[in-house]
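Please look over the sequence and the structure shown here before reading on. The paragraphs below then lead through the fold one part at a time.

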Amino acid sequence: PCGIVVGRMHPQKGILTLLEAAERLPKNEPWSLLVVGGGLETEYGRACREKVRQSGLEDRFFFVGPIEDPVPLMKACDFSVIPSHSESGPLVLIEFLATELPVVATDVGENTRMAKEVEAIQCVPPRDPQALAEAVQRLLSMSQGERQSVGSAGWERTRGLFDMNLVFPRWEALYLEMSRS
């Protein structure tokens, strides 16, 4: 199974916490993680790459760099991770759900509210590599079909909130109603 993280290389994004979690994942099972986003040449990006090297995770943890449209790559993955230490309402959470990926996210910002509504999101405390590793391990222990089922159910539960084909007609009706008042 392959997981994906999308976000710039910045301390608040929690990539080092994810790396600490990855060190706790089973070495005898196949898994990999892709990190998509800019900032690889920042001090934090260099520290993350060095941590991968020191941890011996070069064959499992891959820094892809910035991609203009990460959605095709998301669709090729089996699960997603948002290890942020702080967030407001990350757009990437909606993108992960729309691509029907189960999500492990930290219990910050809108992640918390969405996790209460969507079973496809497991929330863990921020800056807690052990809890993050346990949540990722739960996804790794699922079959591909189980992960797909969880991801599909998550999108079905949230699609009415974010699918533009469903949302725009409601907004338009509201604007028309308000303009008549």
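What follows begins with the central sheet and then turns to a helix, a loop and several side-chain pairs.

The model is a predicted one, in which local features need pLDDT of at least 70 and side-chain atom pairs count only at pLDDT 80 or more, while totals for chains, interfaces and linings use all residues. Residues are numbered from 1 along each chain as its sequence is written, and side-chain values use heavy atoms, with hydrogens and water left out.

Helices (H or I, at least four residues) and strands (E, at least two) are DSSP runs, numbered from the N terminus, and two strands are said to pair if DSSP finds at least two bridges between them. On these terms, six strands make up an open sheet whose order is β3-β2-β1-β4-β5-β6, with parallel pairing. The edges are held by β3 (61-65) and β6 (121-124), each of which has a single partner strand, so one side of each is left without a neighbour in the sheet. On average, neighbouring strands of this sheet are turned by 20° against each other, direction ignored; such angles run from 0 to 180 degrees between N-to-C directions, and the axes are lines fitted to C-alpha atoms, for helices over the stretch in contact.

Within the sheet, strand β1 (residues 2-6) and strand β2 (residues 32-36) run parallel and are joined by five bridges. Ile 4 has Leu 34 as its bridge partner in β2, and Val 5 has Val 35 as its bridge partner in β2. Strand β1 is also mostly covered, since four of its five residues are buried, where buried means under 20% relative accessible area, exposed means over 50%, and partly exposed lies in between (1.4 Å probe, protein chains only).

Helix α1 (residues 15-23) lies across β1, β2, β3 and β4 (79-82), and runs at about 155° to β3. Its buried residues are Ile 15, Thr 17, Leu 18, Leu 19, Ala 21 and Ala 22. These buried residues of α1 pack against β1, β2, α2 (43-55), β3, β4 and α6 (129-141), with contact taken to mean heavy atoms within 4.5 Å.

Which residues does Ser 84 touch, not counting residues up to four places away in sequence? Ser 84 is found in the loop between β4 and α4 (91-98), and at 1% relative accessibility it counts as buried. Ser 84 touches Gln 12, Lys 13, Gly 14, Thr 106, Val 108 and Pro 126, not counting residues up to four places away in sequence. The side chain of Ser 84 also makes a polar contact with the side chain of Glu 87, at 2.7 Å; a polar contact is a pair of N or O atoms within 3.5 Å, and within protein one must be able to donate a hydrogen and the other to accept it, while residues adjacent in sequence count only if both atoms are side-chain atoms.

Side chains of opposite charge can pair when their charged atoms come close. The structure holds five salt bridges, a salt bridge being a side-chain nitrogen of Lys or Arg within 4 Å of a carboxyl oxygen of Asp or Glu. In one of them Glu 87 pairs with Lys 13, with the closest N and O atoms 2.9 Å apart. This pair links distant parts of the chain, as Glu 87 is in the loop between β4 and α4 and Lys 13 is in the loop between β1 and α1, 74 residues apart. Both Glu 87 and Lys 13 are buried.

Another salt bridge brings together the side chains of Glu 50 and Arg 53 (2.4 Å, N to O), which are three residues apart in helix α2 and thus separated by about one helical turn. Glu 50 is partly exposed, with a relative accessible area of 29%, and Arg 53 is partly exposed at 48%.

Aromatic side chains form the last topic. A search of the whole structure finds two aromatic pairs, where rings of Phe, Tyr and Trp (its six-membered ring) pair if their centres lie within 6.5 Å, and planes under 30 degrees apart count as stacked, over 60 as edge-to-face and the rest as tilted. The rings of Phe 61 and Phe 63 have centres 5.6 Å apart and planes at 55°, so this pair is tilted. Phe 168 and Trp 171 form a tilted pair too, with 5.3 Å from centre to centre and 55° between the planes, and both lie in helix α8 (residues 164-180). Phe 61 is buried, with a relative accessible area of 3%, whereas Phe 168 counts as partly exposed at 44% relative accessibility.
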